[in-house]
Amino acid sequence: ETGVTQTPRHLVMGMTNKKSLKCEQHLGHNAMYWYKQSAKKPLELMFVYNFKEQTENNSVPSRFSPECPNSSHLFLHLHTLQPEDSALYLCASSQDEERGRYNEQFFGPGTRLTVL
Amino acid sequence: AQKVTQAQTEISVVEKEDVTLDCVYETRDTTYYLFWYKQPPSGELVFLIRRNSFDEQNEISGRYSWNFQKSTSSFNFTITASQVVDSAVYFCALSELYGNKLVFGAGTILRVKS
């Protein structure tokens, strides 16, 4: 595997379900991100992890819970979602070049989530 | 606050035509990065270019060229001799020089017809 992979590619869930999205990067990067892309809004940054520590939570509701067990893996745990949470969820990674300067972000193919 | 505006929601062209995608940005930072990404129907955002605000030289890569003008806060993207495979959504983005938060524009849908 190369680049950034995401599983599953498609997910349909009810509002009472609990599911998890998985992201894995094979680029040796030390920062990972979750973005939400919905039809009516531009790409929104949700969470940022640097060196496995969460450094950004962009006012995301608590029904979304991120987990970064190591620098290569990132999860997004979902529970009691709402229909308006239906969107494409994109994972990305990048490398801190030096003292806070980051290179470009590389994105995965996304998980298309539908909440019924 | 940072903001990126892509005023063109959708553009349709016929194959082999040249097309320019506009991007205007706002930032209080004196140094920053600008990006273009391509999102084909498969969904994955593909990195095209990163430009440092220090460098106002235009860049050409094959059929792609970018025109960065700091005086007008614009970073426009031109595809020469467009092809059907260029059909995608194109996003312009902005970040601080030190930091990793990307601010994206709303995107421009490009449709290239044969």
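Val89(B) stands opposite Ile109(B), a residue of strand E12 of chain B. Strands here are DSSP runs of E with at least two residues, just as helices are runs of H or I with at least four, and both are numbered from the N terminus. Strand E10 (residues 88-96) of chain B and E12(B) run antiparallel and are joined by three bridges; two strands count as paired if DSSP finds at least two bridges between them. As background, strands of a sheet pair through backbone hydrogen bonds, either parallel or antiparallel.

Before going on, a word about where this comes from: the model is predicted, so local features need pLDDT of at least 70 and side-chain atom pairs count only at pLDDT 80 or more, while totals for chains, interfaces and linings use all residues. Residues are numbered from 1 along each chain as its sequence is written, chains are lettered from A and ligands numbered from 1 in the order in which they are written, and side-chain values use heavy atoms, with hydrogens and water left out.

Let us stay with E10(B) for a moment. E10(B) is also joined to strand E5 of chain B, in the antiparallel sense, by eight bridges. Within that pairing, Phe35(B) has Ala93(B) as its bridge partner. Ala93(B) also stands opposite Phe104(B) in strand E11 of chain B. E11(B) covers residues 103-104 and runs antiparallel to E10(B), with two bridges between them. Six residues lie between the strands of this E10(B) and E11(B) hairpin, where Gly99(B) takes a positive phi near 145 degrees. Buried means a relative accessible area under 20%, exposed means over 50%, and partly exposed is in between, using a 1.4 Å probe and protein chains only.

Now to the charged side chains. In general, side chains of opposite charge can pair when their charged atoms come close. Over all chains, a search of the whole structure finds five salt bridges, each a side-chain nitrogen of Lys or Arg within 4 Å of a carboxyl oxygen of Asp or Glu. One of them joins Glu10(B) and Arg111(B), at 2.5 Å from N to O. Glu10(B) sits in strand E2 (residues 10-14) of chain B and Arg111(B) in E12(B), so this pair ties together parts that are 101 residues apart in sequence. Glu10(B) is partly exposed, at 43% relative accessible area, and Arg111(B) is partly exposed at 40%.

Another salt bridge in chain B brings the side chains of Glu59(B) and Arg51(B) together at 2.3 Å, N to O. Arg51(B) belongs to strand E6 (residues 46-52) of chain B. With a relative accessible area of 4%, Arg51(B) is buried, whereas Glu59(B) is partly exposed at 31%. Beyond its neighbours within four places in sequence, Arg51(B) is in contact with several residues, including Tyr32(B), Leu34(B), Phe68(B) and Phe75(B); contact means heavy atoms within 4.5 Å.

Chain A has a salt bridge of its own between Arg63(A) and Asp85(A), whose closest N and O atoms are 2.7 Å apart. These two residues lie in separate loops, 22 residues apart: Arg63(A) between strands E6 and E7 of chain A, and Asp85(A) between strands E8 and E9 of chain A. Asp85(A) counts as buried, at 2% relative accessibility.

Chain A also holds an open sheet of four strands in the order E1-E3-E8-E7, with antiparallel pairing. E1(A) and E7(A) stand at the edges with a single partner strand each, so one side of each is left without a neighbour in the sheet. E7(A) pairs with E8(A) over five bridges, and there Phe64(A) has Leu78(A) as its bridge partner.

Finally, how do the chains meet? The contact takes 21 residues from chain B and 25 residues from chain A. The area buried between them is about 1,800 Å², with carbon and sulfur atoms giving 53%; buried area is the accessible area (1.4 Å probe) that two parts lose on being put together, summed over both. One salt bridge is counted between the chains, and Glu104(A) and Arg50(B) meet in a salt bridge at 3.8 Å, N to O. On the side of chain B that touches chain A, E5(B) gives the largest share, four residues.
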